[in-house]
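Colleague: I am new to this structure and would like to learn how to read it. Could you show it and start with a single residue?

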Amino acid sequence: QVQLVESGGGLVQAGDSLRLSCAASGRTFSLYAMGWFRQAPGKEREFVAAISWSSVVTYSADSVKGRFSISRDGAKNTVDLQMNSLKPEDTAVYYCAAGSRRLNAYVNYAGVNFYEYWGQGAQVTVSS
């Protein structure tokens, strides 16, 4: 089993920055991909960004490109999401996800079913 714990959520103003962190523990040796998703009230969970365990491959949603970046710290077993130029529409619960399949352009890394483990979520609220 793998446990994921998010931290760093909060209330910010439009244009501000925020950094989310996800700490992975347990059988992390089985992981090949990590991702971030978000879910706004009344909406489906949507893909934000993903990174391979080696940090060589990264993907991000068009809605956050140029503003959000994903990174991994191998020594700490953490995956961070740096969010800049935040907008009110970025308001959502952000979830960390992890999976045991390799991340590449031929898999559906943006689908929730690609990931086997999920964190409890961190609220991010952006006021206008």
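Modeller: Start with Val-112, which counts as partly exposed at 35% relative accessibility. Keep in mind that this is a predicted model.

Colleague: Why does Val-112 count as partly exposed?

Modeller: Partly exposed is the class between two cut-offs, with buried under 20% relative accessible area and exposed over 50%. Val-112 has 35% relative accessibility, so it counts as partly exposed.

Colleague: Where does Val-112 lie?

Modeller: Val-112 is in the loop that joins S9 to strand S10 (117-118).

Colleague: Which residues does Val-112 touch, not counting residues up to four places away in sequence?

Modeller: Contact means heavy atoms within 4.5 Å. With that rule, Val-112 touches Phe-37, Arg-45 and Trp-118. A separation between C-alpha atoms is another thing to read: Val-112 and Glu-46 are 66 residues apart in sequence, and 8.1 Å apart in space, C-alpha to C-alpha.

Colleague: Let us step back to the whole chain. How many helices and strands does the chain have?

Modeller: There are zero helices and eleven strands in the chain. Read from the N terminus, the order of elements is β-β-β-β-β-β-β-β-β-β-β. The radius of gyration is 14 Å, close to the 14 Å that the globule rule gives for 128 residues, so the chain is as compact as a globular protein of that length.

Colleague: What does the C-alpha trace span along its principal axes?

Modeller: The span of the C-alpha trace is about 40 × 30 × 25 Å. As for burial, 43% of the 128 residues of the chain count as buried. The chain exposes about 6500 Å², and carbon and sulfur atoms supply 48% of that area.

Colleague: How should I read contacts between residues that are apart in sequence?

Modeller: Take the contacts between residues at least 6 apart in sequence, then see what share joins residues at least 24 apart; in this chain that share is 59%.

Colleague: Where is Ala-33, and is Ala-33 buried or exposed?

Modeller: Ala-33 belongs to strand S4. Its relative accessible area is 0%, so Ala-33 is buried. Beyond its neighbours within four places in sequence, Ala-33 has contacts that include Ile-51, Trp-53, Ala-97, Leu-103, Phe-114 and Tyr-115. Arg-101 is also among the contacts of Ala-33; the C-alpha atoms of Ala-33 and Arg-101 are separated by 6.7 Å, although the two residues are 68 residues apart along the chain.

Colleague: And Met-34: buried or exposed?

Modeller: Met-34 counts as buried, at 1% relative accessibility. Its place is in strand S4. From Met-34 to Ser-55 there are 21 residues in sequence and 9.5 Å in space, C-alpha to C-alpha.

Colleague: Which residues is Ala-40 in contact with, leaving aside its neighbours within four places in sequence?

Modeller: Ala-40 is in contact with Thr-91 and Ala-92. Ala-40 itself lies in the loop between strand S4 (33-39) and S5. Between Ala-40 and Ala-92 there are 52 residues along the chain, and their C-alpha atoms are separated by 4.3 Å.

Colleague: How do I read aromatic pairs, and how many are found in the whole structure?

Modeller: Two rings pair if their centres lie within 6.5 Å, and planes over 60 degrees apart count as edge-to-face. The whole structure has seven aromatic pairs. One of them joins Tyr-115 and Trp-118, with 6.2 Å centre to centre and 70° between the planes, which is edge-to-face. Tyr-115 is buried, with a relative accessible area of 4%, whereas Trp-118 is partly exposed at 27%.

Colleague: Which residues form the aromatic cluster?

Modeller: One aromatic cluster is formed by Phe-37, Phe-47, Tyr-59, Tyr-109, Phe-114, Tyr-115 and Trp-118.

Colleague: Last, how far apart are the mean positions of the positive and negative charges?

Modeller: The chain has 12 positive and 10 negative charges, and their mean positions are 6 Å apart.

Key. Residues are numbered from 1 along each chain as its sequence is written. This is a predicted model: local features need pLDDT of at least 70, side-chain atom pairs count only at pLDDT 80 or more; totals for chains, interfaces and linings use all residues. Side-chain values use heavy atoms; hydrogens and water are left out. Helices (H or I, at least four residues) and strands (E, at least two) are DSSP runs, numbered from the N terminus. The radius of gyration is taken over C-alpha atoms; the globule rule is 2.2 Å times the number of residues to the power 0.38. Buried means under 20% relative accessible area, exposed over 50%, partly exposed in between (1.4 Å probe, protein chains only). Accessible areas come from the Shrake-Rupley method with a 1.4 Å probe; for residues, only the protein chains shown count as cover. Lys and Arg count as positive and Asp and Glu as negative; His and the chain ends are not counted. The place of a charge is taken as NZ of Lys, CZ of Arg, CG of Asp or CD of Glu. Rings of Phe, Tyr and Trp (its six-membered ring) pair if their centres lie within 6.5 Å; planes under 30 degrees apart count as stacked, over 60 as edge-to-face and the rest as tilted.
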